[in-house]
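Trainee: Could we go through this model together, one question at a time, with the cut-offs stated as we meet them?
Mentor: Gladly; here is the entry.

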Amino acid sequence: MDNALAFYAISIIVPGLTIALAVIGGAAAQGKAAAAAFEAMARQPEAQGGINSSLILSLALIESLAIYALAVALIILFANPFISYILP
Amino acid sequence: MTESLQEIIQHSIRPIFEIPVGEGSIVFSSTLVASIVSGASFLLFVILLGKSVKNGKPKVLASIGELIFLALRNFTRSIIGEIGDSYMPFIGSLFGIIVFSNFLGLFSPLGGMGMHWIVSPNIDLSVTLGLAITGILYVHGASIGAMGIGKWLHHFIEPYPFMLPINIIEELVKPISLSVRLFGNLFGEHVVYEIVFYLISFVVPVLLIVLGMFTGLIQAYVFSLLILIYIKETIGVHT
């Protein structure tokens, strides 16, 4: 295969895989966190406020890991730093 | 003269107008104009709220102002207690300006009508990095003000002196993670929004607007919550 064609193919496949893999981990972790929080809320409804705010905080922190993967994928898609080696 | 989808996404940040200064010129990009607009509208909103609250007459705007004030005070007090009142103005304005910026992005399809400056300023990494650096500088200023410069320097060598490089790296990573979180969320949402609006521009984007309002509020909440927690970390341990 032509070098440039291989480069384009790989730089299309890789961002998709990046997002897919990152989202698998993020979704599993967010589900676990939410399930634990709901369990705690069902056991102790009066502690709802505190659990809610720390749940949102931890969801945002978990989500930010997936967002880092999204940032990398966006850089590969829209601002590939190595494209000048292929297309001079 | 309709643009393709790729051009719409790639040209989200584009120069709007230039002011020639000497040899070169200052370029006003769309996100810069949008952040000026959202900041100015937030300022106007807050000034109107303050005037109507000071007026003393019970009006709609005054009661909205009191509601916002009480919610903010409860928010800061629930994180760092009574001393949080002195950090409330900064946290509140950070929250407000991020919400106004995010909500400006909901009108971004108007860009197709020639108003290309209507985007959320937070789809530009420079804007969010600026917000995050401002927040982190405020955190350090607050911790110096709360416990003195000696103790502030000492907290870099806690718990052991050889942890100094790790602590410094931690301080440098904080603004990067804050800004990339806000940027990634908003830019990802912007891309999805533009794609769906390009494909089906009839009823479906309304659902995305609702989702966009939700994410905008959540992200503003998380940003200000994290700044508050950083303040709590740096002052709470020593006082």
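Trainee: How many helices and strands are there in chain B, and in what order do the elements run?
Mentor: The elements are DSSP runs numbered from the N terminus, where a helix is H or I over at least four residues and a strand is E over at least two. On that basis chain B holds seven helices and two strands. Read from the N terminus on, the order is α-β-β-α-α-α-α-α-α.

Trainee: What conventions apply to the numbering and to the confidence of the model?
Mentor: Residues are numbered from 1 along each chain as its sequence is written, while chains are lettered from A and ligands numbered from 1 in the order in which they are written. This is a predicted model, in which local features need pLDDT of at least 70, side-chain atom pairs count only at pLDDT 80 or more, and totals for chains, interfaces and linings use all residues, with side-chain values taken from heavy atoms and with hydrogens and water left out.

Trainee: What share of the residues in chain B is buried?
Mentor: The C-alpha atoms of chain B fill a box of roughly 60 × 55 × 45 Å along the principal axes. Buried means under 20% relative accessible area, exposed over 50%, and partly exposed in between, with a 1.4 Å probe and protein chains only. Of the 239 residues in chain B, the buried share is 40%.

Trainee: Why does the distance between the ends of helix α1 of chain A agree with its number of residues?
Mentor: The expected span of a helix is 1.5 Å times one less than its number of residues. Helix α1 of chain A covers residues 3-43, which is 41 residues, so it should span 60 Å, and the distance between its end C-alpha atoms agrees at 60 Å.

Trainee: Which helices are included in what covers the buried residues of α1(A)?
Mentor: The buried residues of α1(A) include A:Phe7, A:Pro15, A:Gly26 and A:Met41. Contact here means heavy atoms within 4.5 Å. The cover over these buried residues includes, from chain A, α2 (48-78) and α3 (83-86).

Trainee: Which residue meets A:Arg43 in a salt bridge?
Mentor: A salt bridge is a side-chain nitrogen of Lys or Arg within 4 Å of a carboxyl oxygen of Asp or Glu. The N to O distance is 3.9 Å, and the partner is A:Glu39.

Trainee: Which residues are linked with B:Arg77 in a network of salt bridges?
Mentor: B:Arg77 is partly exposed, because its relative accessible area is 28%, and its side chain meets that of B:Asp85 at 2.7 Å, N to O. The network links B:Arg77 with B:Glu82 and B:Asp85.

Trainee: Which backbone oxygen does the side chain of B:Ser101 reach?
Mentor: B:Ser101 sits in helix α4 (residues 88-104) of chain B, and its relative accessibility of 6% is why it counts as buried. Not counting residues up to four places away in sequence, B:Ser101 touches B:Ser38, B:Ser120, B:Pro121 and B:Asn122. At 2.5 Å, the side chain reaches the backbone oxygen of B:Ile97.

Trainee: What area is buried between chain B and chain A?
Mentor: Buried area is the accessible area (1.4 Å probe) that two parts lose on being put together, summed over both. The contact takes 16 residues from chain B and 13 residues from chain A. Carbon and sulfur atoms give 79% of the buried area, which is about 1,200 Å².

Trainee: How many salt bridges does the rule find across the interface of chain B and chain A?
Mentor: The structure holds five salt bridges over all chains. Across the interface of chain B and chain A, however, the number is zero.

Notes
Polar contact = N/O pair within 3.5 Å; in protein donor to acceptor, adjacent residues only side chain to side chain.
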